[in-house]
Amino acid sequence: MGGWWGEYSFRCQPVDHSTTGRAMRIGVSGWLTGHYNFRCQPVDYSNHPKTLRMVHACWWYYFSKFTEFFDTFFFVMRKKSSQVSTLHVIHHGCMPMSVWFGVKFTPGGHSTFFGLLNTFVHIVMYTYYLFTALGPQFQKYLWWKKYLTALQMVQFVLIMVHAFQLLFIDCNYPKAFVWWIGMHAVMFFFLFNEFYQNTYKAHMLRRDAAAAAKRREAELLLQQQQQLQNGHVANGSANGTLSNGTGNKAADYYVRGDLPAEMELTQRPAANTHTAAQ
């Protein structure tokens with residue numbers, strides 16, 4: 001390896017504009033140079049500097065699959081077992097082995113396109129992880145979590161299309177690796193889609209159900225309040241004024257002998273008439 005890992009000087013390192021293998025390995029390779037063909041890119045097994053540059057890029061991509069195990073280590077250390085899901089285990093468990101075959105037998109060429117896309121998606125993903133690790137004050141910036149999962153699924157669709165197109169055109173690239181890469185993309189697409197459905201769609205359904213329950217509760221409470229108001233007017237006005245007003249006065253007469261004033265006025269003339277008749 002060249003650069004800072006070996007031959008670069010920390011005190012002074014001029015720019016090397018030559019085409020030596022060391023200089024070419026430091027630069028960008030493959031798909032970002034315009035030399036790769038998106039429709040068909042055979043594997044170059046020569047010792048050309050550009051070829052060696054892509055081989056080194058493939059090796060570093062393979063190495064990165066091992067650094068991603070730190071996700072699992074941190075989840076286990078923090079006792080976040082719920083995050084060590086089936087998707088997580090399959091994704092991080094099989095990728096080192098899968099990428100090893102590519103680096104060993106096809107280090108470059110058509111299959112490196114998925115490495116380019118996957119690296120970009122992982123940059124976005126670990127940026128999200130960075131914000132989550134910075135504390136609760138950054139939670140308001142994490143509204144795009146579900147879009148990150150959608151981006152991952154779009155990635156696998158692009159990888160499928162890019163890989164399986166070689167089944168319909170003539171390209172000097174091993175068909176076994178076409179199926180190897182394409183079927184990996186199919187598997188991960190369905191795994192991520194299941195995760196998306198279980199995490200976000202189910203959450204939306206639960207949220208809608210909770211909102212509907214709150215609306216029904218509010219409507220029931222309003223209906224009960226209206227019934228209480230109607231019952232207070234009927235019982236308070238009818239029973240309180242008519243029944244309690246007249247009925248209680250009559251009851252007082254029979255219990256205590258107190259004659260209500262209105263009854264006394266109506267009965268006195270009758271009593272006087274009876275006396276006069278005698």
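This is a short exchange on how terms apply to a predicted model.

User: What makes a feature count here?
Analyst: The model is predicted, so local features need pLDDT of at least 70 and side-chain atom pairs count only at pLDDT 80 or more, while totals for chains, interfaces and linings use all residues. Residues are numbered from 1 along each chain as its sequence is written, and side-chain values use heavy atoms, with hydrogens and water left out.

User: How many helices and strands does the chain have, and what makes a run count as one?
Analyst: Eight helices and zero strands. Helices are DSSP runs of H or I with at least four residues; strands are E runs of at least two; numbering starts at the N terminus. The order is α-α-α-α-α-α-α-α.

User: Why is T106 called buried?
Analyst: Buried means under 20% relative accessible area, exposed over 50%, partly exposed in between (1.4 Å probe, protein chains only). T106 has 2%, so T106 is buried. T106 sits in the loop between α4 (86-105) and α5 (112-133). Across the chain, 29% of the 278 residues count as buried.

User: Which residues does T106 touch, beyond its neighbours within four places in sequence?
Analyst: V43, Y45, F101, S111, Y173, P174 and F177. Contact means heavy atoms within 4.5 Å.

User: What makes a space a cavity, and how many are there?
Analyst: On a 1 Å grid over the protein atoms alone, a cavity is a set of points where a 1.4 Å probe fits but cannot get out; lining residues have an atom within 4 Å of a point. Two cavities of 30 Å³ or more turn up. Volume is the space filled by probe spheres set on the points, which are joined across faces, edges and corners.

User: What lines the largest cavity, by class?
Analyst: Eight nonpolar, three polar and no charged residues. Ala, Val, Leu, Ile, Met, Phe, Trp, Tyr, Cys and Pro count as nonpolar, Asp, Glu, Lys and Arg as charged, and the others, Gly among them, as polar. The lining includes S111, Y173 and F177. The second largest cavity has three nonpolar, five polar and no charged residues.

User: Where is confidence lowest and highest?
Analyst: pLDDT is the predictor's confidence in each residue, from 0 to 100. Helix α8 (residues 261-277) has the lowest mean, 49; helix α6 (residues 145-164) has the highest, 92. Where pLDDT is low, the predicted coordinates should not be read in detail.

Definitions and conventions
On a 1 Å grid over the protein atoms alone, a cavity is a set of points where a 1.4 Å probe fits but cannot get out, and a pocket is an open set with protein on both sides within 12 Å along at least five of seven lines; lining residues have an atom within 4 Å of a point.
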